[in-house]
Amino acid sequence: MLHLLTTISKFTMIFIMALYTYFSFKALMPRISQESSAGLYKKQTALVMLLFINGYIVILMHTLYQNGEGEASSVTAAQMMLVLFLAELVLLRILFIIYKYFYGAASDALVNNMCMLLAVGFLILSRLSWDKALRQFFLAVAAVILTALIPLFVRKLKFLNKLAYLYAIIGIGGLGLVAVAGSTDYGAKLNISLGPVTIQPSEFIKILFVFFLASMLYNIKDIRQIYVATAIAGIHVLLLVAARDLGGAAIFGVTFLAMLYVATGRLSLFLGGMGLGMAGAFVASKIFTHVQNRIVAWKDPLSVIDSQGYQVAQSLFAIGTGGWMGSGLYEGMPEKIPVVTKDFIFAAISEEMGGIFALCLIFVCINCFLMFFNISMQIRDKFYKLIALGLGTVYGIQTFLTLGGVIRFIPSTGVTLPLVSYGGSSLISTMILFAVIQGLYCLREDQKREEEEIY
Amino acid sequence: MKKKRSIKNREYAVIAYGFLGVFIAMSLYFAYYLTFEAEDFINNPYNARVSLFSENVIRGDVLSADGQVLATTEIAADGSETRSYPYGRVFAHAVGYNTNGKAGVELDGNFNMLRSHSFFLTRLINDFTDKKDQGDSVVTTLDASMQQAAYNAFGNYRGAVVAIEPSTGKILALMSKPDFDPAGIASQWDSLQSDSESSVLLNRATQGLYPPGSTFKILTALEYLHEGGSTEDAFNCEGTYTENGYTIHCYGNTAHGEEDLKGAFARSCNVAFSQTGLSLDLNKYRTLAENMLFNKDIPTKISNVKPSTFSLKKGDDPVLVMQTAIGQGDTLMTPLHGAIIAAAIDNEGVVMEPYIMDKIVNDNGDLVRPYFGETYGSIVSKEDAKKLKKLMRSVVTDGTGSALLSDNYKAYGKTGSAEYTSDKNATHSWFVGFANKDDKEVAVAVIMEGAGSGSSHAVPVARAMFDEYFKE
């Protein structure tokens, strides 16, 4: 009967996810009335909760039966899981309340997406590892507390565009520290250990980096500003390359080019820069063995399945064996994929919750960055326009690198899936990122009011 | 005002649409992988998930093209499952085994047989009643009567037989001896493993690397014709030929006397062909061999296939050149490859990739997934194929393959007696060739280890295969 519950839930969860995704794009359509989009958002919110509850019913039942029916240890584990479920449910509700009631102008679509991604992450982590799920919950609590006031700051602090060099100093200092003293992880230096806590500074610095570039480029009076911005951006990228964090270097590099292009209006700069980046990547693939390994694993993972190709092959086995419908929770083998809770979490989701579900998840991510670009176009102040565009680019490129790597569309670069993957730095920095964007949505309301007062 | 705004936002829109485009491309690739690539990709011994399927699915059957059951799962009263093989040893290497690892169709179709496409209501009821679903069956291209004919005609020799339908690449028979009882693999595992002398588990048809012997004269003759030679060029054979201090013997030291190239080919004259070999541009010779799939992965999706090897190059010792020209030297060829060459010559030079899984059907016999023969491409030109056909026909009409003359079909081929030790009298018996009648055609390769000459042993086996295939 457990199998039956899992199978039925598999289909209901796919259905809920598909409906949610459909609504999220329907609400984006032009000329949709405010009332009907408000209705859609309400339905979306309900769907997130429904999905979360449905998933946890399966998780709780499996936990209860994991060591045989009525076994004391299973009952205890199920009780703890129930508590975690309720706590996470409350946390998601609080997140809704913060943005819907305290920040009335915040984007409902974005809150819904944020909660949906968090909910999917919570579900799959509880399925994969109790310890990590628990840790992720506490990190999420911290993230909600830390970011609760950020939209307010963004709205009220008018000097954020004057701190360019402060952003740059912190950014270069942080990345420099990692390059020198970072701990090595899968061939790249990413982390700094502070006692029991390990943080990944580049996750936070990428947001400062966007603020830095926006401050430098929002009002170009002198061509030298561009040179300075380019030089400092270049230092960021080179420090990441020195730490062998090529995924990070790609995120920073593309973000710089996108913002430079938007600020100057010159597509040639963007394309030239991309060409230069490609050339750089080509050189890197000749110099760094860990880059070569990933390229070999990308080209033909089965030929090197015993070594470099193992992870990608396992990921593709997981996705392929799960198929469009998925195996159902607990009926796959996602634990066979190395680093499944972080870089390869998408493979676990696709395996057990289904390819359709996973495809919908990609579309929810698309919906997120479209919301980011949407606000960048609606807002008038160029500094904030650049912030929104830069953060949208950061989010878009990071999501692309992780999803593309997992499904072998591109070589894997070892970045996490924002809000879904396990990991504190990634989770908190993404929450900051979303909070800043929500601040911009609030700013737009102020802007609207001003316009109304004028006319 | 509005227009101005949209102009101002153009760059933003470019970035947004750029991202959208990239993500759509990625989503399409994801869908493509799941729909078209995943099924073949995940059928891999490293994918531990597939074995998990057997908890919910009864492994499906392996069937011959004519519907005979070659492997099935029997369920005892206590629910325990046993894999049984009604034909026993006859299909041992072709169908393979499913304990202590996997081989043959049991390996290649593993994933398919552990999936169920039974009627969905049946599966739903099974879910409720905690019963297993019946897995899908693999219908192979194997023809039970052809396989049986090969098995019976072969006797107790070691070696292999492969039969292919040239126009499609369907493998009709695939036999390797010594063989084993596939149902008894587990109980005999230790002795099968430790027996390194006879290598029972080695599928000689796809992995056995043998000196091709005189069957290689097909390639030597073709290269000679490419370099301006003619089938009417005259040779004189005295039974032996000494050059560079090395003596080439014809089989049994037979002196073939005055003959042209065609006659030398028909009677498999080593003297004429070693002389021919010495006249060749060795780099071109090597290119020809590689075009004909030596030193290349054999184009097929079946597992555990070894590539044949050809290593002669410009500047090599003339003695090695003479040996290579008659299929000795360092050249090695698998029986499957021999059959592919024969099939290609019959098929106007075009190789159809050999395949053994014809389709997947559910427990009701309804089609789940068909497989099709894929065209690899041309390995010899249409004209060359025609010339080789003439030469190979002369082997049957005037040479070592005369036992294949039949009123019922028209046979073509080349025999071989490949030396494998310094003892000139111990030879592997080879035959590669094909036969046709109207639209029906079949290509075969036969190798019998240490049996003697090609015409004495391999040809009768080929005859038995042809007779079976074209029987009224």
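This tour goes through a sheet, a hairpin strand and a chain contact in a predicted model.

**Stop 1: the five-stranded sheet**

Begin in chain B and select strands β7, β8, β17, β18 and β19. Together they make an open sheet, in the order β8-β7-β19-β18-β17, and the pairing is antiparallel.

**Stop 2**

Now select residues 382-398 of chain B, which form helix α17. This helix packs on the sheet and touches both β17 and β18 of chain B. Turn the view until the directions of α17 and β17(B) can be compared; the angle is about 80 degrees.

**Stop 3: β14 and its two partners**

Move to residues 357-361 of chain B. This is strand β14, and four of its five residues are buried, leaving the strand mostly covered.

What pairs with β14(B)? One partner is strand β6, residues 137-140 of chain B, which runs antiparallel to β14(B) and is joined to it by four bridges. Select B:Thr140 and B:Met357 to see a bridge pair between these strands. Another partner is strand β15, residues 367-370 of chain B, also antiparallel, with three bridges to β14(B). Here B:Lys359 stands opposite B:Pro370 in β15(B).

Follow the chain from β14(B) into β15(B): the two form a hairpin, with five residues between them. In the turn, select B:Gly365, where phi is positive at about 85 degrees.

**Stop 4: the contact between chains A and B**

Bring chain A into view. The contact takes 36 residues from chain A and 28 residues from chain B. Three helices of chain B each supply at least two residues of the side that touches chain A: α2 (10-42), α3 (49-53) and α7 (120-129). Which element gives the largest share of that side? Select α2(B), the source of 18 residues. Finally, colour the side of chain B that touches chain A by residue class: 21 residues are nonpolar, four are polar and three are charged.

Key:
Residues numbered from 1 in each chain as written. Chains lettered and ligands numbered in written order. Predicted model: local features only at pLDDT ≥ 70, side-chain atom pairs only at ≥ 80, totals over all residues. Pairing = 2+ DSSP bridges. Contact = placed C-beta atoms within 7 Å. Axes fitted to C-alpha atoms, helices over the stretch in contact; angles between N-to-C directions. Nonpolar A, V, L, I, M, F, W, Y, C, P; charged D, E, K, R; others polar. Buried ≥ 20, exposed ≤ 12 C-beta atoms within 10 Å, placed from the backbone.
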